[in-house]
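Try each task yourself before reading its solution.

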Amino acid sequence: MTASLQILAQDGKPVRSVPELAPERMVELFEHMLHVRCVDQRMLKLQRAGRIGFVGTAKGLEASIIGSAAVLDHRDWLWSGLREGGAAVMRGLPLAEYVAQMYCNSNDTAKGRQMCNHFQHKGSNYPSWSSVIGTQIPHGVGAAFATKRRGEDAVHGIYFGDGATSSNGFHSGMNFAAVWKVPAVFVCVDNGWAISVSSSAQTCAESYADKAVAYGMPGVSVDGNDVLACYEATRSAAERARAGDGPTLVVLKTYRMLGHSSSDDPTRYRDDEEVESWAKRDPILRLERYLTDRGVLQKGAREATEKRLYAEIDAVVHEQEAAPRMALRTLVEDVYAETPRHLREQYNAFHAVVERRGEAEPGDGAFPL
Ligand SMILES: Cc1ncc(C[n+]2csc(CCOP(=O)(O)OP(=O)(O)O)c2C)c(N)n1
Ligand SMILES: [Mg+2]
């Protein structure tokens with residue numbers, strides 16, 4: 001069985017050599033992790049207040065998401081599972097677009113066609129989420145194969161959860177990736193649960209990393225609450241992929257601190273003691289301790305950063321909440337070069353209902369038939 005890589009113990013003390021990262025870079029990682037947590041916290045409040053429809057948080061997973069994605073550069077691609085929106089923000093997805101997607105307003109680049117909390121960003125090679133579990137795995141492998149055939153040097157970070165390892169996409173993706181030796185890093189964020197199915201009930205294998213052996217690629221297990229270990233394991237996997245040596249499976253063992261989503265009540269299927277034991281392994285606190293011990297972070301730095309982040313996030317939220325909603329006509333206007341009669345008729349019938357309910361806005365008017 002593969003031993004789990006750890007660099008920092010929970011008290012912040014290194015247990016092996018620390019990756020060569022400038023102190024400023026470590027502070028950046030710390031701030032990105034805090035950003036993920038602050039954004040989640042705000043989104044959850046907005047959802048509870050009925051201002052947005054749905055949220056799935058990454059609380060507890062910040063080290064896994066930020067530490068691994070920090071390795072990918074601007075050439076690279078990030079194929080998301082369900083919780084890497086914060087990594088996309090770190091890689092260039094503007095927070096305004098992130099929040100617009102939450103509101104499905106007129107600034108939403110998915111044009112309100114996606115469920116909220118499903119992001120995409122062309123500028124940073126971040127394809128649209130699919131919450132059909134595991135489908136991004138063969139998509140990412142296909143794109144990585146294209147990269148290889150074109151002789152380009154991008155690496156594809158393909159993310160998925162523990163639950164997704166039971167999907168057909170996992171098997172076919174892993175198999176093709178190894179056979180074709182594509183430049184991919186498979187990042188399995190094992191967060192303990194797939195909705196109400198515990199990670200230990202998901203597989204009979206001793207470790208998720210062991211699954212790599214059957215496909216003929218290396219598999220590594222990592223302490224997913226240790227941002228430096230996540231960084232180091234993904235860095236060497238990405239280096240291997242870029243050198244043309246093929247894919248690696250990196251398994252980040254962490255814990256989903258909150259429910260599966262804002263629609264879930266985890267107290268129905270898991271014990272408080274389990275959650276409390278993971279609260280003691282908080283990934284942000286671990287890096288904070290390390291950086292404080294080294295004198296890189298001063299006392300009170302975290303509070304000051306949180307204050308600044310919340311102010312920035314709130315400003316974006318206010319701006320996006322005030323933005324107009326996506327025009328209703330876009331429902332039928334994007335499909336054909338000219339909207340055909342049957343779609344115009346359907347739209348007009350829909351518009352009549354909206355008007356009757358007093359919810360029509362200027363510009364929503366019926367099509368001439
Ligand atoms: C093909 C498919 N089956 C079932 C679902 C319902 N579903 C949504 S999320 C989820 C669990 C995913 O668990 P995991 O892969 O561990 O990701 P996590 O939510 O923990 O990040 C399931 C079963 C789905 N979206 N797609
Ligand atoms: Mg999971």
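**Exercise 1: two helices side by side**

Work out how helix H1 and helix H11 (residues 283–293) pack: their axes are 10 Å apart, at an angle of about 155°.

Before you start, note that this is a predicted model, where local features need pLDDT of at least 70, side-chain atom pairs count only at pLDDT 80 or more, and totals for chains, interfaces and linings use all residues. Residues are numbered from 1 along each chain as its sequence is written, and chains are lettered from A and ligands numbered from 1 in the order in which they are written.

*Solution.* 
- Step 1: Helices (H or I, at least four residues) and strands (E, at least two) are DSSP runs, numbered from the N terminus. Axes are lines fitted to C-alpha atoms, for helices over the stretch in contact, and angles run from 0 to 180 degrees between N-to-C directions.
- Step 2: classify the angle. Under 35 degrees counts as roughly parallel, over 145 as roughly antiparallel, 65 to 115 as roughly perpendicular and the rest as oblique. H1 and H11 are therefore roughly antiparallel.
- Step 3: list who meets whom, with contact meaning C-beta atoms, placed from the backbone, within 7 Å. From H1 come Met26, Val27, Phe30, Met33, Leu34 and Arg37, and from H11 Pro283, Ile284, Leu287, Glu288 and Leu291.
- Step 4: sort these contact residues: 9 are nonpolar, none polar and 2 charged. Here Ala, Val, Leu, Ile, Met, Phe, Trp, Tyr, Cys and Pro count as nonpolar, Asp, Glu, Lys and Arg as charged, and the others, Gly among them, as polar.

**Exercise 2: another partner**

Now do likewise for H1 and helix H2 (residues 62–69), whose axes come within 9 Å.

*Solution.* 
- Step 1: the axes cross at roughly 135°. That makes H1 oblique to H2.
- Step 2: on the H1 side you'll find Leu29, His32, Met33, Val36 and Arg37, facing Glu62, Ala63, Ile65, Ile66 and Gly67 of H2. This contact splits into 6 nonpolar, 2 polar and 2 charged residues.

**Exercise 3: around the ligand**

Which residues come nearest to ligand 1?

*Solution.* 
- Step 1: call a residue near if its C-beta atom, placed from the backbone, lies within 6 Å. There are 17 residues around ligand 1, and Ile133, Gly161, Gly163, Ala164 and Ala194 come nearest.
- Step 2: look for strands. E3 (156–161) and E5 (193–194) each supply at least two residues of this shell.
- Step 3: sort the shell, and you get 8 nonpolar, 6 polar and 3 charged residues.

Terms used: Contact = placed C-beta atoms within 7 Å.
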